[in-house]
Amino acid sequence: MSRPEGTRSSRRSLQVKFVPDEDVLKHIADDAGTKVRKDKAQLSVSVKRFVKKLENISDNEAQEILEEKNYVAALGICAQDPVGNGSNISGGEVYSFQTPKRSSKMAELASELAQTPEQNVAPDHSKCPEKMAKTPQSSKNSRRKKKEFVSTTPYRLRKRLAAPDPYLESESEYSASCSEEEDEEDQKEVSSVLPGQKTPAKTKAASTPPPRSSLAKKIKEQKMGNLVEEYFEAHSSSKVLTSDRTLQKLRKRRLNQQTLHDLLKNAPLAYAAEIRDLNQQHESLFSKWMLQLHLGFNIVLYGLGSKRDLLEKFRTSLLQDSVHLVVNGYFPSITVRSILSSITEEVLDHIGTFRSPLDQLEFITKRFKEDSSLELYVLIHNLDSHMLRGERSQQILAQLSSLPSIYLIASIDHINAPLMWDQAKLSLYNWLWYETTTFNPYVEETSYENSLLVQQSGSLALSSLMHVLHSLTLNARGIFRLLAQHQLEKKDNPSYPGLSFQDFYQKCREAFLVNSDLTLRAQLTEFRDHKLIRTKRGADGVEYLLIPVDDSTLTDFLEKEDEDV
Amino acid sequence: GCFVFKPSTKKRRLSEKTGHDFRTTSNDSEDTELRFVTCQSLWNQIKSETEQIQEDLNKQLLDNLVSFLSRSHSEFQEKTTEWTCRMKFREIPSAALVLGVNITDHDLTFRGLSDVLQDNITPYVALLEAKDCPGIKNLMQKLMGQLMNCEIDVDSLEDEECVQVSQNRIRCSMSSLISWYKSVTKKTDSETPSKKRNSSSRHWQSPPVVVIFKDMESFTTKVLQDFIVISSQHIHELPLVLVFGIATSPMIIHRLLPHSVSSLLCIELFQSLSCKEHLSTIIDKLLLTSRFPFKLGGKVLQVLINIFLYHDFSVQNFIKGFQLCIVEHFYSQPLSVLCCQLVDVKKRVYSLSHDQCENIRRLPSFRRYVEKQESGKQIELLTNDSFLKEETEKLLEDLHVYHENYVSILRCLHVFTSSLPKYPLGKQIRELHCACLENRVWETQEYESSLQLARMLNKTDLVTMLQQCVEILMSSSGKEFDKTVEKLKEFLTQFQNLEEASQERDVSVSSQKELQKKTDLYHLQKTLLELKESRRSKKLTKFEMLRFEVVDYIDSLVRKYLVPADDRTLHEIMYFNAATVLRGHLNAAPRTALHTALNNPHWYLKNQALKCDGGGISNKAPDICIVYKLHLECGRLINLVDWLEAFSTVVMAAEEPNADAASSDQVDDIIHARFIRAVSELELLGFIKPSKQKTDHVARLTWGGC
């Protein structure tokens, strides 16, 4: 802390805590040459330095929060803070785009976060003699600087240098200059030295501190340009630079929905008291919502956290005496038609069908206009769910909500949800927006999602399979069984194309299930219509048959079948 | 996924309910009923006013359209040669209605249009929207449905049954439409006019069929083309008139339709009033008037105008915002019960309860007022309720008077500022209004510069402005302006005198000059130089002095009357100032809220543990925040295993103190489960999605920080 107004060349003050071994190995294998060795040595030096900077964090918390707000205000435009502070690490930097090349980035942050509480880890001063000179004590940026350091590990540099791309070179020049304000000549020096080695230049820069606002400005412009380029760089290459680890190698088993649910139930909800306070604030608005609904507005709730409980509470506390419709938008098979049908059938007690949802809507409109005593509250959880976010669905719902005696209160969660509505729809909806951040876990909403990590029980597929099969003849079931058994036998063969039609016909004949080619074909057509099987033509023109259901479901199915028979 | 809940008990009436909601909101239930009633009546008044304005503004347009429509088919009526001539070319008379981009306002215009048409021209009007007509078949179906329904309107309901049946049975084709039209017109011919409603007597014998395309741009080209081509074939049998509603520019017709099709149309162009003018009229009639006691504060008005200018250009939305302001004001301000017409104020003030009196005393503007009084009166005001009521009544009257004067003087000032070059105080009166509401306008730099410019106005401009001001002040209801008007008139006469005097002098000067001109160039140059010098040293002419006087007088008026409302005592009762609330409800930013919640949970959850630093987040933050933060560090694809590992590192570190039975399977599973939950929550929020590019990877859907 010797130079409170010192330069901002503090990259080397952070320790790299976590580098997966295989990554290091890959490096050495990838980048041969002297550079590697140099940099590696450097790495080991830098490992010894520690996160001394953290001490300064609390001093300038307020400032940081301010910057944060600035950033939020700028809404991700990555605008630099107008003060033009040379280190260029405003909010935009913290959240700015990271190139996809650093596979260990996340781990670094994780270890960093894990470290945070023990800020006062005494750094070993004797081990890093240069540190005092290099550490810039511009405490204001200390924390962010540390992050920046993370983003410019020698590790990354090496990768960069390995690729003789002109853009990359200029980019790393930028990253050198953006964190420290240097003399122009110094900058030149950096760029000239750059191909060889980076660190010496930086050390030099640290010793010549005068900041230049014009330079900073230049850097800023450059940065905006870079941001754009970075975007396209990131999206142009199809090469994926992440580690190759898969969940299967993990010794943990995949959880299924039920155990997941049980586990989460046991886990205590963090900050329950605060969340309760938050929810109570929202609950105090209930009567206001009611008033505004009656005055012709509709209400939409947004913000992080499940709003299901909130709406449910609203329903139970205020809507008990009136007709209301609850729509669970997150339900995977919800459609606009089912919403409209439940209105016509259950609210209006109309029996009969409609040709199209538009007709149905017209009917509802007419009924509600004729009978002014009719009124209906509609609560939609997740108006932005997959099934309801389509243009036509939204149009119909908007028209429905524009009826004066239908009161709509809905919740949205997706970050792009407002894009569903154009001006016409917005004016039909006549929204009043309410921010209701609840921090409640999305328990119901995510339970239907096909998460990668959750083992699918396949119960839905199984039951539909059973259902269809039961309505078929015994012979047909036998045919399907044959196919299923054959598929299960071959389940270990990943390139199993399916059972060819000829073989299948042979098998069926042997089992006395069909007597001619034609009957089997007729049967298969029926299966195909019910989406029980899929056919595809192989390279040799032979038709292959496949059941598009995963193996476990198929096993379950066969077991069930055996029970039945 | 849908559940209907029906109550077992009988429902209550709607009006009761609404009032009930209003009541439960505030703690003091005494005035809420009255407040609600006041609010509703005020809103109804304003609503009818806006509708009236809309109607007036559209009148010109509708009149033009009506005359066009009656012209377009008169020839068909009379079967003149001109018609047959046009028929040969198979041209359909059509009107292109350029309405501007504020599509949300168009509905009202079209409704008005079809009403006017049905009253004056023809009962056969069909309104078509693009979303109902994805194909020509749907279009015909919709068209016939609407036409045959309106036929029912005209006739008695006796043959409803048969029409319903026929609509379903008849194939929707042009020929069936024509046969329907023939039968209908024949029927009307045979029927006596007395049987029909009185308005239909105004219809011709074979009225035209008007088809209105509400939003021409969104129709598919194919449908439009087909319809036009088909109907042009039948134009001699069916007097069709098309009306296209256009949001962009008339060019779109030619872009949508190829020449062969557009040549079948005989288009006449109509332009509606621009939405900005509409807004100006609304502001003029609703805000710059003393008819309504409720007023918008400067910031609130700014928010509403910004939403209008930068988001939708929709007057409808502006009015919606205004309605929200009214509701919010009456809902949240218990003293808004006094926000009523001056006549009622006295009664209402005297029926105030003690609590309400305390509310008055708590108003910041009233406290400021009390502090300015001498001590005896201060004590009276703070302790004696009836004295307070008297004072309140007086202050409210003052406020009313202030507002009346404010509006007149504002208009006068606007007369001056709107003609200055570069408009330092804005071109529109709404900008000036905002500036005056915001702060003391005479302290701003813009006002300074506009005064400077006003001091350089020429005489004719100045005189016309003064005349305008006199007119404005004469017509205003304020009583204080007699003197002002007199003063202004005095200025005018002075200018008049000045003019006469100068004319005389002008003549003499010019004659002198003419004499001099006869001399040589050298002399001319000399005299000019002299003139210049003399002007530099010369003191101001009479005109300039007078001009200064006028400008100073206007300045004094501004200083006296255009005091910002915030400085007035009890302004809280009349003015709605909660701009942030309004913005939150009308112009929300859901994504920012999400971002704040994820990056800075402490903003919402007031827990000390979350506060640890500003830039990053603490490792004790909710799971989703940590997972989000970690995912920000990744590129396009994220490896789930790495992610999980990073997550568990963070979480383990946070729980270190009590995790002595370290990394037991139980804990591990729970962390795993928590991770799964957080990841699927991020998926729900739209930050990531599953990817098939690589096993166990998810793709990031956002780029950069948010």
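Buried residues have under 20% relative accessible area and exposed ones over 50%, with partly exposed in between (1.4 Å probe, protein chains only). The model is predicted: local features need pLDDT of at least 70, side-chain atom pairs count only at pLDDT 80 or more, and totals for chains, interfaces and linings use all residues. Residues are numbered from 1 along each chain as its sequence is written, and chains are lettered from A in the order in which they are written.

**View 1. Helix α14 of chain B has buried and exposed residues.** The helix spans residues 342–350. Helices are DSSP runs of H or I, at least four residues, and strands are runs of E, at least two, numbered from the N terminus. V345(B), R348(B) and V349(B) are the buried residues of α14(B). They line one face of the helix, because they fall within an arc of 95 degrees seen down its axis. The arc is that of the directions from the helix axis to the C-beta atoms. V343(B) and K347(B) are exposed on the other side of α14(B).

**View 2. UniProt annotates residues 274–435 of chain A.** The unreviewed entry names the feature "domain: Origin recognition complex subunit 2 RecA-like". Such annotations may be inferred rather than shown by experiment. This stretch is 46% helix and 17% strand. Its end C-alpha atoms lie 17 Å apart.

**View 3. Chain A holds 26 helices and ten strands.** Of its 565 residues, 52% count as buried. Contact means heavy atoms within 4.5 Å. Among contacts in chain A between residues at least 6 apart in sequence, 77% join residues at least 24 apart.

Note on methods. Side-chain values use heavy atoms; hydrogens and water are left out.
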